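Here's a quick briefing on one protein chain, meant to be read with the model open beside you. Take a look at it first, then work through the points below.

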Amino acid sequence: MKTWKKRAALAAAATAAALIAAPAMAQDAGAILSGLRGQATEAVSFATVISFLLGAAIGIAGFLKFYANTKNPNDPSNKMSTAFILIFVGAGLVALPAVLGSGISTVFGSGADTTDGTSGFTSLN
């Protein structure tokens, strides 16, 4: 019974804090889109880092599968095809940020904004 009262008091405090908060400042569409563009640039940088880390980890896992296959080639979990697939997927993830900008310009034309892992969004004009 006491936990129910604590939860009710916590919910009431959270509601009161939300109602007392300062009112939001109205922005026009341009300011909102500029904010989203800045956030998207940060998201691209984050995706680049994640892509490199995952690519390196998956590539290392592929080389470890090669090593495990040399130690015990009759083990069905250490197939050569798995090692090749892991290495190619890792290489693809490492190369993903480099080809991201060219893919956007191919699909959307030369006037589109492109992005890469280092400079964020740029226009192709």
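Ser51 sits in helix H2, which covers residues 29-71; helices here are DSSP runs of H or I with at least four residues, strands are E runs of at least two, and both are numbered from the N terminus. Keep in mind that this is a predicted model, where local features need pLDDT of at least 70, side-chain atom pairs count only at pLDDT 80 or more, and totals for chains, interfaces and linings use all residues. Residues are numbered from 1 along each chain as its sequence is written, and side-chain values use heavy atoms, with hydrogens and water left out.

- Is Ser51 buried or exposed? Ser51 is buried, because its relative accessible area is 5% (buried means under 20%, exposed over 50%, and partly exposed in between, with a 1.4 Å probe and protein chains only).
- If you skip the neighbours within four places in sequence, Ser51 is in contact with Leu93, Val94, Leu96 and Pro97 (contact means heavy atoms within 4.5 Å).

- Leu64 is another residue of helix H2, and at 53% relative accessibility Leu64 counts as exposed.
- Leu64 and Asn78 are 14 residues apart along the chain, and their C-alpha atoms are separated by 9.4 Å.

**The aromatic rings**

- How many aromatic pairs does the structure hold? There are three (rings of Phe, Tyr and Trp, using its six-membered ring, pair if their centres lie within 6.5 Å; planes under 30 degrees apart are stacked, over 60 edge-to-face, and the rest tilted).
- Phe63 and Phe66 make a tilted pair, because their ring centres are 6.4 Å apart and their planes meet at 45°.
- Those two, Phe63 and Phe66, are three residues apart in helix H2, so about one helical turn separates them.
- Phe66 and Phe84 are edge-to-face, because their planes are at 90°, with the centres 5.1 Å apart.
- Phe66 is in helix H2 and Phe84 in helix H3 (residues 80-108), so this pair ties together parts 18 residues apart in sequence.
- Phe63 is exposed at 54% relative accessibility, while Phe84 is partly exposed at 41%.
- Ring pairs join Phe63, Phe66, Phe84 and Phe88 into a cluster.

**Ile85 on H3**

- Ile85 lies in helix H3 and counts as exposed, at 52% relative accessibility.
- Ile85 and Ile58 are 27 residues apart along the chain, with 9.5 Å between their C-alpha atoms.

**The whole chain**

- The chain has three helices and two strands, and their pattern along the sequence is α-α-α-β-β.
- Out of 125 residues, 15% count as buried.
- Take the contacts between residues at least 6 apart in sequence: 45% of them join residues at least 24 apart.
- The accessible surface is about 9,200 Å², and 71% of that belongs to carbon and sulfur atoms (areas come from the Shrake-Rupley method with a 1.4 Å probe; for residues, only the protein chains shown count as cover).
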